[in-house]
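Here is my note on the model below. Please keep the structure open as you read.

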Amino acid sequence: MKYQRKPQRNSARAGLGQGKKTAKKFTIPVWFRLVGILVIILTASFCGFIFASLKDLSGIRVLETYRPPVITKVLDVKGRLISEFYKERRQIVPLSFMPSMALKATLSTEDKRFYSHYGLDPWRIAKAVLVNLSTFSKEQGGSTISIQLSKLLFLNNKKTFKRKLQELWYTVQIEKQYSKDEIMFFYMNLLNYGHGSYGIEAAAQFFFEKPSGELGLAESALIAGIPKSPVYYSPLRFQENAMRRHRIVLLLMVKNKYIESSEAYAAYRTFWRVYAKNLRTRQSTFSDYSKNFAPHFSEYIRNKLERDLGSHALYSRGLLVYTTIDKDHQRAAQESIDRALLRQNRFAEEEQKKLPENLKQEIFARIGPLAEVLLMGHVYPSQEVGKKFLRNVLEEKVKPVLEGFSILHGFENLWQFSAANTEIQEKKAISEKVEAALLSISPSSGYITAMIGGASFSYYNQINRAVSLRRQIGSILKPFIYAQAIEKNVLRASSILNDTPTLYGNYLPKNYSGTYRGPTLVRDALKKSVNVLAVDTLNRLGIDETRDSLAKIFNAVSVRRKTQMFPNDLTMALGSGGFSPISVAVAYAVLANEGKEVRPRSIRYITDSQGEILKNYEEEYLKLENRQLLSPEAAYIILQITKDVFSPGGTAYKPRLLRDFKHRKSSFGKTGTTQNWKDAWFAGANKLLSTAVWLGYDDNRSLGYGRTGGGVAAPVWIRFQKQAL
């Protein structure tokens with residue numbers, strides 16, 4: 001049998017158990033495992049951080065509908081601009097309207113490789129890292145225009161790693177979605193140039209009073225340097241800083257071959273030689289600079305707009321507010337008021353030069369009530385007087401009287417108090433000027449067409465006296481007392497009243513002239529403005545019922561206003577309450593409107609920037625029914641009587657001024673002068689306009705001896721009506 005050889009087993013297996021060494025199993029060190037776990041945790045955490053940082057970010061598609069804050073424009077009744085509301089003063093302009101030099105200056109300063117990179121500039125980032133490492137600071141930045149835009153649109157300026165991640169994400173998305181020109185358009189319209197101006201158009205208007213499209217090389221370079229630090233590089237606040245920055249921008253433009261060095265040198269030198277002479281004040285802001293044609297009116301409607309629309313819509317959505325104001329009427333009102341203020345201030349200066357007589361009048365005016373008690377006779381006021389002369393008259397004339405009064409009634413130091421107080425008041429008064437207010441309203445529509453709230457509108461003088469004034473109106477109220485009497489058949493225009501001294505309880509009214517006429521027609525009582533007969537008429541009517549009727553006519557919409565305007569006593573007939581020009585103008589508009597209610601209106605309607613109506617006040621107004629507050633017959637009779645104010649013998653008869661006043665025959669009115677000539681009023685109307693005018697001092701000083709409503713306020717009314725109509 002043939003022997004067969006068995007096959008060999010696997011050598012590895014064959015060697016088992018034959019005394020050879022066994023191979024060791026590989027084991028991962030513990031420290032290596034811990035490091036791996038830590039790396040995995042950190043990586044997961046980092047990914048989680050990135051995910052959390054980017055999770056809630058809004059997509060950049062909002063840019064397609066994004067609207068940066070845009071100014072709200074206030075327009076007059078003819079659609080002309082009168083003022084603007086904004087928190088960021090901005091006007092959006094397309095890239096094609098921007099000057100090429102402004103774009104080149106911005107590129108040179110902010111991102112010279114903007115049109116060649118994809119949102120991130122590796123060279124700039126590397127340079128920034130090297131500079132910051134060498135200086136151990138964060139002096140150099142690597143932001144591109146796209147990165148800056150992402151911050152302007154979506155982020156804040158906090159320097160955190162999270163914000164950097166979000167910034168990069170937005171930058172990449174913006175670059176993917178929009179062209180370079182579109183990015184540049186957004187950027188140039190969003191930059192903050194300081195002083196409340198945002199976007200290149202607002203900056204050009206503010207710094208140079210011209211559209212951005214008209215900017216030259218030097219102007220473009222100056223503006224391009226400001227956004228880095230709008231305060232520090234402001235040419236208005238820190239001119240030297242602005243000059244250094246200006247030079248740097250021009251040199252960068254030369255370096256980038258946009259201009260020649262000779263052009264840069266000439267532009268810089270010529271610009272600062274001219275521009276430095278025309279710099280505005282250090283406190284200038286866009287809001288200070290903006291031309292507000294009717295500042296008191298603008299502030300008057302601002303509160304209503306904020307309440308009805310909300311602050312965000314008012315200051316950010318670029319609304320158009322169509323108002324009732326008429327720019328022509330407003331201009332006429334301002335010119336008439338300015339002329340009257342100039343004359344009154346000149347009068348005050350002249351009065352100061354007439355020391356001896358006016359000195360006595362001023363001092364006696366200050367102790368008028370005391371003079372009445374001590375039977376010293378009627379005294380008259382005047383304007384400011386010098387300290388030296390004041391002291392002499394006090395010592396010679398007033399001191400003996402006050403000392404005697406003190407002894408008689410047990411007062412102490414009355415003389416010392418009076419002298420010190422008078423001196424303080426004089427010092428205060430010398431620095432103050434006369435104030436004025438005018439309000440005009442259309443009787444048929446209720447449109448407020450002109451509003452002047454003071455001698456000026458500034459940080460220190462923003463009181464709107466046309467609305468918030470609370471002063472006595474004197475005889476201005478009398479036509480309405482007689483109108484009530486005629487309507488209720490208590491009197492007729494031909495009725496006869498007896499003008500004699502009459503005591504009503506403890507109240508004894510006196511006529512301005514100090515004389516009494518005896519039997520007097522109601523027509524003449526109103527025409528001559530007889531105080532005693534006006535009080536007598538109110539006494540016949542009854543105070544309570546008359547107050548209620550007059551409150552409606554004067555648009556006293558609250559109990560508080562009714563109480564302020566119409567005190568619960570017979571002095572009400574003499575206009576002793578506190579009135580504003582708007583309430584007076586409304587009341588005279590009621591007479592011109594045949595006794596029908598007149599509601600003052602300031603806003604007609606509001607649209608968005610596309611012309612869509614957001615709120616229609618006209619529509620709301622037309623739904624209301626104007627009540628008959630006074631019978632047409634009573635209104636007509638009073639109107640006819642008060643027309644005589646412009647006739648010979650009338651208190652507003654000014655032949656020279658009235659000569660070419662076409663509406664003279666259809667106009668009526670009444671003067672008002674309060675005690676010691678502290679307030680000068682004139683109110684009047686015709687079918688087209690009802691206007692109230694007031695002049696006086698805020699501290700209730702006298703306008704001066706003989707400064708009546710007819711002499712001071714009536715000329716303002718006549719000039720205004722002539723120009724406005």
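How many salt bridges does the structure hold? The structure holds 23, a salt bridge being a side-chain nitrogen of Lys or Arg within 4 Å of a carboxyl oxygen of Asp or Glu.

1. This is a predicted model, where local features need pLDDT of at least 70, side-chain atom pairs count only at pLDDT 80 or more, and totals for chains, interfaces and linings use all residues. Residues are numbered from 1 along each chain as its sequence is written, and side-chain values use heavy atoms, with hydrogens and water left out.

2. Take K304 and D308. They form a salt bridge, with the closest N and O atoms 3.7 Å apart. Both lie in helix α14 (residues 295–309), 4 residues apart, about one turn of the helix. Helices are DSSP runs of H or I with at least four residues, strands are E runs with at least two, and both are numbered from the N terminus.

3. D679 and R471 also meet in a salt bridge, at 2.9 Å from N to O. This pair links distant parts of the chain, 208 residues apart: D679 is in strand β13 (residues 679–685), and R471 is in the loop between α21 (465–468) and α22 (478–487). D679 counts as buried because its relative accessibility is 3%. R471 is buried too, at 10%. Buried means under 20% relative accessible area, exposed over 50%, and partly exposed in between (1.4 Å probe, protein chains only).

4. Now look at M184 in helix α8 (residues 180–190). M184 has 1% relative accessibility, so it counts as buried. Beyond residues up to four places away in sequence, M184 touches several residues, including L95, F114 and I145. Contact means heavy atoms within 4.5 Å. M184 and F114 are 70 residues apart in sequence but 9.3 Å apart in space, C-alpha to C-alpha.
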